[in-house]
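Please view the sequence and the structure before reading on.

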Amino acid sequence: MDQLDLFADAEEIPATFVARTAVPRPAAAPRPASAPRPVVAAAEPDSLFADPHPELPAVQVPIPTRRGIAPLLIGNHRDAGQRLGEAVADTWHASNWGGYRMDIPVSIVAALALFPIKGHIEDVTRIISTCTDWELLQGYREVYAATWSSRPDLGARMVPLMGWLTEDGVEEKAYAVRRVTDTALKYGVLQMTGDRDPWCRSDTDLMSWTITSLRSHGARQGMGEYHTPPEVCDMMARVIVDEPPEKGKWFHEPAGGTGGMFRALAQHLRDLNADPADYVWAINDLDPLAAAGAAVNAIVWGLGPNVVVSCGDALRQGDVVDQAMRERAALIEERDQIVGYLATVEAYSEAIKLADRLMSGAKAV
């Protein structure tokens with residue numbers, strides 16, 4: 001489990017948001033044609049790791065404020081997390097799509113929590129709240145694509161959150177998606193997940209509050225799914241660990257939901273001056289949506305590269321964690337192969353350009 005995560009600290013803003021902030025749009029710009037316009041890719045650095053903390057374009061370019069989003073953060077983040085989950089559920093159920101497809105509002109909250117630029121909350125809020133509906137949908141696609149490229153093992157577990165973005169007729173849901181997005185921003189999703197310090201991002205389990213708020217009482221009873229109070233998790237963490245464990249120790253949750261216990265334990269380790277990234281975190285849940293939420297939380301909470309999220313019946317299968325570890329290794333290898341292939345293609349393209357220049361120079365002589 002000594003896999004080095006080369007992408008863990010990289011911060012890249014989705015290309016769609018870069019494109020729209022770099023070139024301000026006139027006030028009376030016409031709506032885009034029915035065929036989606038191409039996404040303008042962000043400028044590629046000379047090296048993949050040349051600048052792990054690029055400057056945020058939104059800080060340098062004024063962004064017109066078309067919609068005012070004033071976060072409603074009253075009390076501590078834990079209370080705010082519950083209010084956000086309930087507000088998102090109310091907004092979604094009030095839309096034409098309410099009552100089913102709870103994966104869509106959960107996916108929206110997850111994508112906002114995963115937004116890769118941290119530490120520029122006000123600017124990111126303006127970027128998202130002022131973009132068009134098409135740009136909003138495309139931006140969510142890019143957030144999940146960026147997550148897969150940096151953490152393919154966790155990105156693969158988020159598949160239940162991504163499917164709706166590739167469906168036919170997704171534009172029909174744009175109004176409901178916009179309303180849920182504005183609600184999440186208004187109730188402080190970026191204030192709770194947009195800080196550079198993972199300690200500040202680990203004070204609440206937004207994924208759990210959102211999922212449990214969207215499920216009916218009968219569904220929660222049938223699945224045995226309930227949100228464990230964070231105070232209980234904090235108390236259990238202090239009982240389980242009274243001093244920093246040896247590096248490399250495993251923490252395993254066979255029915256961990258979205259990882260509320262891991263959140264408390266990671267915070268307790270930080271209070272003991274230990275780094276959660278020095279340990280191995282293995283969590284399993286029977287519900288694919290809860291497992292996807294655990295994968296999102298592992299990134300938001302900064303649990304580090306040694307995280308294994310599995311989805312299955314731990315009592316019947318028994319080896320769900322071992323299987324997830326094998327899948328994790330295969331996914332990381334596949335990602336590395338794809339990145340290597342893209343680098344080879346780029347090198348080949350540059351070589352062709354160089355040869356063309358040399359041939360042109362030779363002909364001129």
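Which helices each supply at least two residues of the lining of the largest cavity?

## The largest cavity

The structure is a predicted model. Helix H10 (189-193), helix H12 (206-214) and helix H16 (288-300) each contribute at least two residues to the lining of the largest cavity. H16 provides the largest share of this lining, with 3 residues.

The residues that line the largest cavity are Ala113, Met192, Thr193, Arg201, Thr204, Leu206, Met207, Val296, Asn297, Val300 and Trp301. By class, this lining divides into 7 nonpolar, 3 polar and 1 charged residues.

## Helices H4 and H6

Helix H4 covers residues 103-114 and helix H6 covers residues 133-150. The axes of H4 and H6 come within 10 Å and cross at roughly 60°. Because of this angle, H4 counts as oblique to H6. The crossing in which H4 passes H6 is left-handed.

On the H4 side, the contact is made by Ser107, Ile108, Ala110, Ala111, Leu112 and Leu114. On the H6 side, Tyr140, Val143, Tyr144 and Thr147 take part. Sorted by class, the contact of H4 with H6 has 8 nonpolar and 2 polar residues, and no charged residues.

## Helices H14 and H15

A further crossing involves helix H14 (residues 230-240) and helix H15 (residues 260-271). The axes of H14 and H15 come within 8 Å, and the crossing angle is roughly 55°.

H14 contributes Pro230, Cys233, Asp234, Met236, Ala237, Arg238 and Ile240 to the contact. H15 contributes Gly260, Met261, Arg263, Ala264, Leu265 and His268. What classes of residue does the contact of H14 with H15 have? This contact has 8 nonpolar, 2 polar and 3 charged residues.

## Summary

The contact of H4 with H6 has no charged residues, while the contact of H14 with H15 has 3 charged residues. The lining of the largest cavity draws its largest share from H16.

Note on methods:
Residues are numbered from 1 along each chain as its sequence is written. This is a predicted model: local features need pLDDT of at least 70, side-chain atom pairs count only at pLDDT 80 or more; totals for chains, interfaces and linings use all residues. Side-chain values use heavy atoms; hydrogens and water are left out. Axes are lines fitted to C-alpha atoms, for helices over the stretch in contact, and angles run from 0 to 180 degrees between N-to-C directions. Helices (H or I, at least four residues) and strands (E, at least two) are DSSP runs, numbered from the N terminus. Angles under 35 degrees count as roughly parallel, over 145 as roughly antiparallel, 65 to 115 as roughly perpendicular and the rest as oblique. A crossing is left-handed if the near helix is turned anticlockwise from the far one by less than a right angle, and right-handed if clockwise. Contact means heavy atoms within 4.5 Å. Ala, Val, Leu, Ile, Met, Phe, Trp, Tyr, Cys and Pro count as nonpolar, Asp, Glu, Lys and Arg as charged, and the others, Gly among them, as polar. On a 1 Å grid over the protein atoms alone, a cavity is a set of points where a 1.4 Å probe fits but cannot get out, and a pocket is an open set with protein on both sides within 12 Å along at least five of seven lines; lining residues have an atom within 4 Å of a point.
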